[in-house]
Structures are given as structure tokens and as C-alpha cells.
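These are my notebook entries on a structure that is new to me. I set down what I looked up, entry by entry.

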Amino acid sequence: MSQNKVAGPEIEQLIKLLAKLPGLGPRSARRAALHLIKKKDQLLVPLAEAMGVAVDRIGVCSTCGTVDTSDPCAICADPRRDQATLVVVEDVADLWALERAAAINARYHVLGGTLSPLDGIGPDDLNISGLVERCRAEAISEVILAINATVEGQTTAHYITDQLTGLDVSITRLAHGVPVGGELDYLDEGTLAQALKARTRF
Ligand SMILES: [Zn+2]
């Protein structure tokens, strides 16, 4: 059944593209498109300009794999960062989350996903050889695996640990356990067991 178009092809195209954004379905994409059109000067024009700049300048850092407007990225190029510690993350979103937490002043390595044989994602599809190369070439003393606590994430962590065997690098991972503000009664058994195992002195 074909649907009646509500507007000209340019607006339909805008709605179609917006609907591809995470968290936006067709309905919210229509609302967002209408909002942009109504706020043409305050929103649509600056957004189009910002996107034009992004298209021109944004690329992937050839050192760590994050996205930025320079290569090496601002983090890799920052001499105040701890040069001996690398934080390994699955995705740029994880790097941004850790930076928001402002808990560590290290540099990063973005894998671009996790090993997932079922989805056909193997070691060559991820930036793992780049990590091994960095650990060989740079004076890295610690690799922190800040990888999701999923089955794929843990498989990936084990694989990386194997690949780094023999190098003079200590490998650590994030603690698994009780989230800040979390109530024990609501936690699953696996998390509780991990939290007990990883207990620290008070
Ligand atoms: Zn970088």
C-alpha cells in the first residue's frame, strides 16, 4: 500500500534521512524535520553548515582510530596525556563516555567493535593489529581493557590478552560490580558474584 506524500521530494528526503538516525523512527523524524524547517535560520542553516564542515574535515585518527578533525587526533597529539597507558575501547562512543567521566588522563585505542563469529566479525575486521603494533613501537606499560562486559566483549578481551603475550605490558580491565547508586537486591547474580570477587579494602 503506497502512502500519500505529505510534502515535496526534498522534504521527504530530509525525513527519510533523519529517520535513519539512532533513536528516531519515521514519526519522530517527521517531527524533527518540521521543527528544523520552522526554525530555518536558527537551526536548519547552522546545522547544514556544521554538517558541511564535518563532511570536509572529520576523519579517523591513524594512531588510535577515533574520529576528529585532525590526524593525529587532539588526544593523541596532547603531550600532557600519560604516554605509557592505553585505554582500549570498542567504539568512539565509549571513548567519549570515559572522557566525560574525566577519570583518566591516558590515550586510547578504538577497536571498532568486538569479535563476533556469528556476525562474521573476526580479528582482521578490528583494529587489533594496530594495538599490538603500538605496544611494540611505543613505550606502553599498561593496557586497560575498557571493553563492554558482554560475551563478545570478554572474548575480545581474551583474544587481545593472547596477542599481547610476551610484550612487557601489564594488562588490566575495568572492575565489574555494583554500579554507583545501585541496590544489591536489583542486581543479577553474575554481577553480584563478580562484585564479591573484586571486593576492595574499605
Ligand atoms: Zn588519536
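Entry on terms. I take a pocket to be an open set of grid points with protein on both sides within 12 Å along at least five of seven lines, and its volume to be the space filled by probe spheres set on the points. I note that the model is predicted.

Entry on the pocket. I looked up the second largest pocket and found about 160 Å³ of space in it. I then asked which residues line the second largest pocket. The lining is made up of Leu14, Leu17, Leu18, Leu21, Leu36, Leu44, Leu47, Ala48 and Met51. Two or more residues of this lining come from each of α1 (9-18) and α3 (40-57). The most is given by α3, with four residues. By class, I recorded nine nonpolar residues in the lining, no polar and no charged.

Entry on the metal site. I asked which residues coordinate the zinc ion. The SG atoms of Cys61, Cys64, Cys73 and Cys76 do so, at 2.3 Å. Along the sequence, I read the spacing of these donor residues as C-x2-C-x8-C-x2-C.

Entry on geometry. Why is the arrangement of the four donor atoms tetrahedral? The angles they subtend around the zinc ion run from 105 to 115°, and four donors count as tetrahedral if all angles lie between 85 and 135 degrees. For reference, I noted that the ideal angle for four tetrahedral donors is 109.5 degrees.

Key: Residues are numbered from 1 along each chain as its sequence is written. This is a predicted model: local features need pLDDT of at least 70, side-chain atom pairs count only at pLDDT 80 or more; totals for chains, interfaces and linings use all residues. Side-chain values use heavy atoms; hydrogens and water are left out. Donors are N, O and S atoms within 2.8 Å of the metal (3.2 Å for Na, K and Ca); water is not among the atoms, so sites may look incomplete. Four donors count as tetrahedral if all angles lie between 85 and 135 degrees; four count as square planar and six as octahedral if opposite donors are over 155 degrees apart and all others between 65 and 115; anything else is irregular. On a 1 Å grid over the protein atoms alone, a cavity is a set of points where a 1.4 Å probe fits but cannot get out, and a pocket is an open set with protein on both sides within 12 Å along at least five of seven lines; lining residues have an atom within 4 Å of a point. Ala, Val, Leu, Ile, Met, Phe, Trp, Tyr, Cys and Pro count as nonpolar, Asp, Glu, Lys and Arg as charged, and the others, Gly among them, as polar.
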